[in-house]
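This report describes the overall fold of a protein chain, then its sheets and the helix packed against one of them. Please consult the sequence and the model alongside the text.

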Amino acid sequence: MTYETLKVVKKEGWAEVIISRPEVLNAINLKMVRELSQAMDELSLDDEVRGIVFHGEGDKAFVAGADISELVERKTVDALKAINAGLFQKIEDYPWPTIAAIKGYALGGGCELALAMDIRLGGRSAQMGQPEVNLGIIPGAGGPHRLSRLVGPGMARELIYTGKIIDAEECLRIGLLNHVHDDDRVVDEARAMMQTILKKSPMAVRVAKVALNAAVNTVDRRSQYVECLGQGMLFDSEDQRTRMTRFLERKKAKDS
Ligand code: CO8
């Protein structure tokens, strides 16, 4: 299967998914949401695949968030569809281990995408954060509950309220990244970790994932509904449109 916004490469016993819109720092558009969802369905049903390594095309970004040129047009009714949240839940529920290899930016929806994976490895250039408040919205696709779970509620609140972007060392310190490697090594390190996992008992690893998901998914599903409703409300605000337009205008100013 070929995709416009992704590359899916099958290896011996596992697969690599490369997020591929490098011209916009791999920002997630609707096409990518559909394609990634389809790829996850296919990989879930493929008995020859027992794990996925994800990374971004190019050196500048894993994923710099949802595509703001599309977001600016979205309304409450679109946000209530919670399509990103649904996709990230599908990734979290994928039955085999997932590893993100992160170089450069993993921001907003890109950070939430990485949070839905089992393990995050960073290159030294990794920069992660939830800058949604700059755009008049919140991380509505799992950020509040997955980030709180991973780095603790205090640090999650600081990151989400301030929208600050933190470097690889800080991500490592707070547990947002498991390990940091040189940029030119990080994808290979993720592949090597996948190889290590593949040598273990497949059923034991699969059952371990179920057990770990059960152990950490203690967050009530209601938190997801609150995120969705809150995001829906914010997508109808003047502030959201002004702030997103400001980002897009900055881009036009740069071009002229
Ligand atoms: N969306 C669209 N385009 C983007 C995005 C993005 N998120 N990020 C970068 N780009 C584009 C830039 O516009 C630019 O395009 P062009 O070359 O045509 O001008 C190109 O990528 C390169 O980016 P920059 O020139 O800006 O590169 P810099 O190195 O100067 O800056 C930054 C890099 C700091 C990452 C900067 O691009 C930036 O701030 N990007 C936006 C980051 C952000 O705010 N992400 C969060 C988005 S919101 C979100 O993800 C929540 C999802 C909610 C979903 C709700 C569904 C209804």
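## Basis of the description

Two strands pair if DSSP finds at least two bridges between them. The coordinates come from a predicted model.

## Overall architecture

The secondary structure of the protein chain comprises twelve helices and ten strands. Its radius of gyration is 17 Å, close to the 18 Å that the globule rule gives for 256 residues, so the chain is as compact as a globular protein of that length. Along the principal axes, the C-alpha atoms of the protein chain occupy a box of roughly 55 × 45 × 35 Å.

Of the 256 residues, 49% count as buried, where buried means under 20% relative accessible area. The accessible surface of the protein chain is about 12200 Å², and carbon and sulfur atoms contribute 55% of this area. Among the contacts in the protein chain with a separation of 6 or more, 75% are made by residues 24 or more positions apart.

Six strands form an open sheet in the order 1-2-3-5-7-10, and their pairing is mixed. The edges are taken by strand 1 (6-10) and strand 10 (179-181); each has a single partner strand, so one side of each is left without a neighbour in the sheet. From one strand to the next, the twist averages 20°.

Strand 7 (residues 119-123) and strand 10 run parallel and are joined by three bridges. Within this part of the sheet, Gly-123 has His-181 of strand 10 as its bridge partner.

Strand 4 runs parallel to strand 6 (residues 105-107), and two bridges join them. The bridge partner of Val-63 in strand 6 is Ala-106.

Conventions:
Residues are numbered from 1 along each chain as its sequence is written. This is a predicted model: local features need pLDDT of at least 70, side-chain atom pairs count only at pLDDT 80 or more; totals for chains, interfaces and linings use all residues. Side-chain values use heavy atoms; hydrogens and water are left out. Helices (H or I, at least four residues) and strands (E, at least two) are DSSP runs, numbered from the N terminus. The radius of gyration is taken over C-alpha atoms; the globule rule is 2.2 Å times the number of residues to the power 0.38. Buried means under 20% relative accessible area, exposed over 50%, partly exposed in between (1.4 Å probe, protein chains only). Contact means heavy atoms within 4.5 Å. Accessible areas come from the Shrake-Rupley method with a 1.4 Å probe; for residues, only the protein chains shown count as cover. Axes are lines fitted to C-alpha atoms, for helices over the stretch in contact, and angles run from 0 to 180 degrees between N-to-C directions.
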